[in-house]
Amino acid sequence: MRIAMIGGGYVGLVSGACFAEFGSDVAIVETDPAKLAALRAGEIPIYEPGLDAIVAQNIEGGRLSFGNDIAAAIHDADAVFIAVGTPTRRGDGHADLTYVYEATRQIARAARSGVLVVTKSTVPVGTGREVARILAEERPELSFSVASNPEFLREGSAIQDFLRPDRVIIGIDRSGPDGGERAERVMRELYRPLYLIETPVVMTGLETAELTKYAANAFLAMKVTFINEMADLCEKLGADVHDVARGMGLDQRIGRRFLHPGPGFGGSCFPKDTRALTAIAQDAGAPTRLIETTVAINEARKEAMAERIIAPLGGSAAGKVVGVLGLTFKPETDDMREASSLPIIARLVREGAVVQVFDPQGMQAARALLPAEVVYVEDALAAAEGADILVVLTEWNVFRAIAPERLRAAMRGRAIADLRNIWNPEAMRKAGFEYQSIGRP
């Protein structure tokens, strides 16, 4: 099978590389000159464990290539995937589909008859129908089919998620002359390696596939928000949120994943997709009040976390040194989008704190997003050096291994705000720290 992937960002690059690993010939189209030059030079512009190896071996195998010519890429393609960004549109929370529709127009101008156009980007319900309308408008004589194939990739484990997914969702437009027969045949062939490991493949309609992605992410966001609220309650009642989460998670109806308390969810999916779903639902006259509340609680939580840091400093951060471990929204990624660190650190700087930070992968991206006053250091102990309080904002494994004695020797103060619960409370207090975590006594 031959595939064209429009967009060499996170979704397009991971998906394209993994389809090549399945044995397809994949041409990834990237229009950003700097990103394209990096990809052609074998440099991966994002941090994702294992991605560099899978890209390199498929380039060497002749199954993966990069370019900026859409016409050349889609000339002999069995399927053309749209994997461009769908950021939140300013003002109303809707997904901005500018890049999706522009890619569709470019595909229409260059495509051969029989082309299958697949939306891989996260898109609102109705986008697939609009893609079909644009294709027909641009090229009335063109025969084509459309499909929706939302991704469910977790940053930090995206390769495994693609190669061994929980499920594959494929939405087929059945309104065409062949009833979607060719689209289904092509999509089943592309994912044939997953049939061998008995991966569930859900064939459904366009609208259902589009909504499923938003519904799944919104439900997980609610789950995270729920356990964060339970953590706050645990602190009031003297309970341990980790035991509560374990007791809940062992119930197979609930499951144990996404029950880890913290300073609020971030990243490229949950904030954007929850906002988009609430906007979709409002427009449809069926408001999703649970999701609306989830969004509001999550935003308020990030502000509340700043208060947790300021309180041990005597209620004022002015002139105090705050050491920060971790900036990215989660470990094993360099992604700073909607990270909890952004509003928390911005508040500390406004309050007059000297903030010194370390993150294994995220500092380059963070420089453009954090206040200019932030000090970036070379390792975790340097972040702790002379600090009045040390704050954990991302649970990188490298932080877990730091001996409490080394932290104590480096710090000026004794306060620690472990907002990811990476350390043992008893051990930290025994080492002389005024230690606070999330939802634990």
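Reader: Is Cys-234 buried or exposed?
Author: This is a predicted model, in which local features need pLDDT of at least 70 and side-chain atom pairs count only at pLDDT 80 or more, while totals for chains, interfaces and linings use all residues. Residues are numbered from 1 along each chain as its sequence is written, and side-chain values use heavy atoms, with hydrogens and water left out. Buried means under 20% relative accessible area, exposed over 50%, and partly exposed in between, with a 1.4 Å probe and protein chains only. Cys-234 has a relative accessibility of 5%, so Cys-234 counts as buried.

Reader: How many disulfides does a search of the whole structure find?
Author: A disulfide is a pair of cysteine sulfur atoms within 2.5 Å. Cys-18, which is buried at 0% relative accessibility, cannot meet that limit, because the closest cysteine sulfur, in Cys-269, is 16 Å from its own, too far for a bond. For the whole structure, the number of disulfides found is 0.

Reader: Which strands stand at the edges of the open sheet of 8 strands?
Author: Helices (H or I, at least four residues) and strands (E, at least two) are DSSP runs, numbered from the N terminus, and two strands pair if DSSP finds at least two bridges between them. The pairing in this open sheet is mixed, and the order of its 8 strands is β3-β2-β1-β4-β5-β6-β7-β8. Two strands each have a single partner, so one side of each is left without a neighbour in the sheet: β3 (64-67) and β8 (201-205).

Reader: Which residue of β8 is the bridge partner of Ile-169?
Author: Strand β7 (residues 168-172) pairs with β8 in the parallel sense, over 5 bridges. Within β8, the bridge partner of Ile-169 is Val-202.

Reader: Which strands does helix α5 touch where it packs on the sheet?
Author: Contact means heavy atoms within 4.5 Å. Helix α1 (residues 10-21) packs on the sheet against β1 (2-6), β2 (25-29), β3 and β4 (79-82), its direction making about 165° with that of β2. Helix α5 (residues 98-110) packs on the sheet too, at about 155° to the direction of β4, and touches β1, β4 and β5 (115-119).

Reader: Which residues does Arg-2 touch, not counting residues up to four places away in sequence?
Author: Arg-2 belongs to strand β1 and is partly exposed, with a relative accessible area of 40%. Beyond four places in sequence, the residues that Arg-2 touches are Asp-25, Asp-76, Ala-77, Asp-78 and Ala-79.

Reader: How are α6 and α10 oriented to each other?
Author: Angles under 35 degrees count as roughly parallel, over 145 as roughly antiparallel, 65 to 115 as roughly perpendicular and the rest as oblique. The axes of α6 (residues 127-138) and α10 (residues 206-237) come within 8 Å and cross at roughly 130°. The two helices, α6 and α10, are therefore oblique.

Reader: Which residues of α10 meet Thr-127, Gly-128 and Arg-129 of α6?
Author: Ala, Val, Leu, Ile, Met, Phe, Trp, Tyr, Cys and Pro count as nonpolar, Asp, Glu, Lys and Arg as charged, and the others, Gly among them, as polar. On the α10 side, the residues that meet those three are Leu-206, Glu-207 and Glu-210. By class, the residues of this contact divide into 1 nonpolar, 2 polar and 3 charged.

Reader: What is the phi of Glu-338?
Author: Most residues other than glycine have a negative phi. Glu-338 lies in the loop between β9 and α14 and is partly exposed, at 30% relative accessible area. Although Glu-338 is not a glycine, its phi is positive, about 60°.

Terms used: Axes are lines fitted to C-alpha atoms, for helices over the stretch in contact, and angles run from 0 to 180 degrees between N-to-C directions.
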